[in-house]
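Please work through the following exercises with the sequence and the model side by side, trying each task before reading its solution.

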Amino acid sequence: MARYLSSSSSSSSAPPPTSSLIDLTSSPPPTTTKSASASQRGGKTSYIWNHGKKIIHEGKDRWECNHCGRSYAITGSSTTNQRDHLNFNHGIPDPKAPVDIKQSTLDNYRRPPIRLNVLRKLIVEWIVERRHSFNETESEALHKIFEYLDPRSTNALMAAITTRRDITKYFETAKATIKERLSLARSRIHISYDLWTSPNHKAMIAIVAHWTAEGYEVKSALLAIRDVHGEHSGENIAKVVYPVMKEYDIHSRFGYFVGDNASNNNTSVEWLDQLMRDDGYEGFEPVKRRLRCFAHEMQLATKALLFGPNVKELDEYPATAGVTEEEKREYAKKKWRAFGAVGKVHNNIKYIRGSPQRREAYSIVGQELKKAAQKKLKVPVMDNDTRWGSVMDMVEYALENRVHLDMYCRGVKELVQDQLTEQDWVELEAVHYYKLI
């Protein structure tokens, strides 16, 4: 796309260009120079006649630009003014012109400047946000896109190793900014952290700070994501969290910790207190500084109401010696089934998610339903112990995909006892209703 001028004047002293756009990659309209006659071209073969036509103004021959209407006098065989106009005003250089380094430098001065440091930072943000490989900037296709938009911008596309350095540099800059903000906080620095397993099967912990800023606004910031080696004990967790607190110089200003009810969170706060005391700081009272996550409390309460206080024992077989995996699975299914409709939904979805073949079979069943609904069928949502609201998410999924689930379960003998009856669906509707009120 390129900017073009809009003017009714045919004089070379026409007013400055107005803002409008044309698509230079598409075929020109019938009124452009490609339809001009040989007499209009004046026998010329220059590329300017692909973008303009010959006119007569006040008895003199002139070249008029198809893109903006501005015109220039035709002086002998010289086309300098016309070529400069197409190049500088519309970004259409002479395709046959040799590369002139001095002229290219002049072109750079005429075009809006590109701040390469800003562009490199934007590229880093794109790579990090989309989790691209560092060597993405070496892509020939990406270079062509940047070169098409502005050849100067390709200077911001660095090698993979340079991109990696840029990411580290901007991370350190952001880290310094957060440290400064934390130093100006009007409150103590409160923290929360949680563990999870990454897609590449590493135990990770995310550490987040919460504080009241100088403008009395509540702020939160991710401080670090670190590996946790060994057992997920409170001691191991604290030995990862405490160094991060020291990096940001908030260990002496620690306020409260908020997290779920896991026992290792209790002991991790106790170990934080001990590590501070070992470093010569005052320490704190772990019990008073340990807060409970309200969302997790609600999750536990909901599961207790639905399944009773011993819900964690559902997947645990009371005996271990001489028990096959199949027997354990059947035992768990029977226990879940005893909880009625929600338990049956749990068994159905756990079975579907049990293997890629079952997921594929589930996606095949109901192809016509998907076409009718004009939507893609999602993988069934299953409840678990750590995701808040997961039981209700599972119930909502079942209600939204009732017909599909019923069709699939009818054809699987392992799910005969878990097929949902009309009364079961009524119970699920009731569970969903009480969630809404």
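Predicted model: local features only at pLDDT ≥ 70, side-chain atom pairs only at ≥ 80, totals over all residues.

Residues are numbered from 1 along each chain as its sequence is written, and side-chain values use heavy atoms, with hydrogens and water left out.

**Exercise 1.** Describe how helix H4 and helix H6 pack.

Step 1: Two packed helices are described by the angle between their axes and the distance between the axes.
Step 2: Helix H4 (residues 116-130) and helix H6 (residues 160-183) pack at about 90°, and their axes are 10 Å apart; H4 is therefore roughly perpendicular to H6. Helices are DSSP runs of H or I with at least four residues, strands are E runs of at least two, and both are numbered from the N terminus. Axes are lines fitted to C-alpha atoms, for helices over the stretch in contact, with angles from 0 to 180 degrees between N-to-C directions, and roughly perpendicular covers 65 to 115 degrees.
Step 3: Among the H4 residues that meet H6 are Arg120 and Val124, and the H6 side includes Asp166 and Tyr170, where contact means heavy atoms within 4.5 Å.

**Exercise 2.** Find where glutamate 58 and histidine 201 lie, and state the phi of each.

Step 1: Most residues other than glycine have a negative phi.
Step 2: Glutamate 58, in the loop between strands S3 (52-57) and S4 (60-65), has a positive phi near 55°. Its relative accessible area of 71% makes glutamate 58 exposed (exposed is over 50%, buried under 20%, partly exposed in between, with a 1.4 Å probe and protein chains only).
Step 3: Histidine 201, in the loop between strands S6 (189-197) and S7 (203-212), has a positive phi of about 65° and is exposed at 69%.

**Exercise 3.** Which parts does the salt bridge between lysine 344 and aspartate 424 tie together?

Step 1: The two side chains meet at 2.9 Å, N to O, a salt bridge being a side-chain nitrogen of Lys or Arg within 4 Å of a carboxyl oxygen of Asp or Glu.
Step 2: Because lysine 344 lies in helix H12 (residues 341-352) and aspartate 424 in helix H17 (residues 422-436), the pair ties together parts that are 80 residues apart in sequence.
Step 3: Lysine 344 is buried at 13% relative accessibility, and aspartate 424 is buried at 7%.

Definitions and conventions:
Parallel < 35°, antiparallel > 145°, perpendicular 65-115°, else oblique.
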